[in-house]
Amino acid sequence: MNSYDVAIIGSGPGGYVAAIRCAQLGMKTAIIEKYSTLGGTCLNVGCIPSKALLDSSHHYEDAVKHFEEHGIDIPGDIKVNLEKMIGRKQSVVDQTTGGIDFLMKKNKIDVYHGLGSFKDATHIKIAGDKAIEIEAKNTIIATGSKPSNLPFIKLDKERVITSTEALKLTEIPKHLIVIGGGVIGLELGQVYKRLGAEVTVVEYMDRIIPTMDAGLSKELNKVLKKAKFSINASHKVKAVERKGKEVIVKADNKKGEEVVFKGDYCLVSVGRRPYTDGLNTEAAGVKVTERGQIEVNEHLQTSASNIYAIGDVVKGAMLAHKAEEEGVFVAETLAGQKPHIDYNLIPGVVYTWPEVAAVGKTEEQLKEAGVEYKTGSFPMRALGRSRASMDLDGFVKILADKKTDEILGVHMIGARAADMIAEAVVAMEYRASAEDVSRMSHAHPTFTEAIKEAALAATDDRALHI
């Protein structure tokens, strides 16, 4: 029987990063993956493929709507080759997952393919091509999450689909109904809207991206409506029925009136649930909550002292980069180091266009906590860089402590916001004040000048370009 210092169950961003860091720290490491490719949801059917399709569809939309204005004339009709687009997406996935294979070999990490389950706290059975068993002094559970569903919806994975199926459709929907106005639904909705589909979003809460700052929600709602999205907030879906090639969705609006939506595809994107199926956690003495999450303490240690859990399977935001930080945290803890994670400073991003990004506290959270704060905001359309690229929608908003000027939250919507948010994270990690950021030189012309201007606006309302 092969014995290891640490075994990781699950090879998503949390799992494979934990494995690499454990190996770097001198531990004999194994990783167990249920599927034939490494990388988990993110690399195979999540972050990476969805961004590939967002990028391809963005190029198409630019060609159809904006090239002429840029002085680029293309003779003939511009057409979508969906098969080729999906093929390019898959090649990106293959390259990325292949890169993880390389990293496992480079770091001398043993890879096992098969379903891992606990025999006891130090032994793991792996049901793959052949059944084997390994011994592990420590184990990290990184089994991730799966798409959630509503109990009355039957997912046929043909017309009533999850994000997994939406990434490999063989035709562009005529009318895509999206149940859920969160990150996944809006990103994939925008992909198919750009390609010519009619898109209807049905959201239970009173606004889209309801966990983010209300100002971001309002601005993104305005942008999507301008792009002819039909957005229906405060609608409680109560039935989804398929009749041949038609899907019928029934919902009650906030007045209690029944509203019926009809389309040819329905994407169910109502969040994700922790995935622990087949782990046999009871045999290892690992406790699972009523919500299906694995219970952990502040060290991400489960009720079994030698077993840890990270990523989507524990509490907190279901984000790949959060899982990565937790993977490194556990590896360094096992090595006797004293790592830390500030969960308040893990950024959230929506990869629509314009992109939406945020870190720290929202205005709603500060008000609820009774924190006195000031705000500075700057519109993207006031930037020379935005006018040059025709990306005029959005703004940057900085929230700072009213007395100390320390930055408490940064919220932005605009071109390249997903990249720009890193500046805010760095500033907040060093507990910068709004004035600190306002006095830093930002290259001109860039989108990041909006951060400087928002910081100026939060500092005695002295933005320069509005």
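Which residues lie nearest the centre of the second largest pocket?

## The second largest pocket

In this predicted model, His58, Glu61, Asp62, Trp353 and Asp391 lie nearest the centre of the second largest pocket, and its lining comprises 39 residues. The elements that each supply two or more residues to this lining are helix 3 (47–65), helix 6 (183–194), helix 7 (214–226) and helix 11 (384–389). Helix 3 makes the greatest contribution, with 10 residues. The volume of the second largest pocket is about 1,100 Å³.

## Enclosed cavities

A search of the whole structure identifies 2 cavities of 30 Å³ or more.

The largest cavity has a volume of about 50 Å³. Its lining is formed by Pro147, Ser163, Ile184, Val268, Ser269, Val270, Gly271 and Arg272.

## The surroundings of Asp312

Arg272, one of the residues lining the largest cavity, is also in contact with Asp312. Asp312 is located in the loop that runs between strand 17 (307–309) and helix 9 (320–334). When neighbours within four places in sequence are left aside, the contacts of Asp312 are Gly144, Ser145, Arg272, Pro274, Met318 and Leu319.

Asp312 is buried but has no salt bridge. The side chain of Asp312 does, however, form a polar contact with the side chain of Ser145, at 2.7 Å.

Note on methods
Residues numbered from 1 in each chain as written. Predicted model: local features only at pLDDT ≥ 70, side-chain atom pairs only at ≥ 80, totals over all residues. Heavy atoms only, no water. Helix = DSSP H or I, 4+ residues; strand = E, 2+ residues; numbered from the N terminus. Buried < 20%, exposed > 50% of the residue type's maximum accessible area, 1.4 Å probe, protein only. Lys, Arg positive; Asp, Glu negative; His and termini not counted. Salt bridge = Lys/Arg side-chain N within 4 Å of Asp/Glu carboxyl O. Polar contact = N/O pair within 3.5 Å; in protein donor to acceptor, adjacent residues only side chain to side chain. Contact = heavy atoms within 4.5 Å. 1 Å grid on protein atoms, 1.4 Å probe; cavity = no way out; pocket = protein on both sides within 12 Å on 5 of 7 lines; lining within 4 Å. Points joined across faces, edges and corners; volume = space filled by probe spheres on them.
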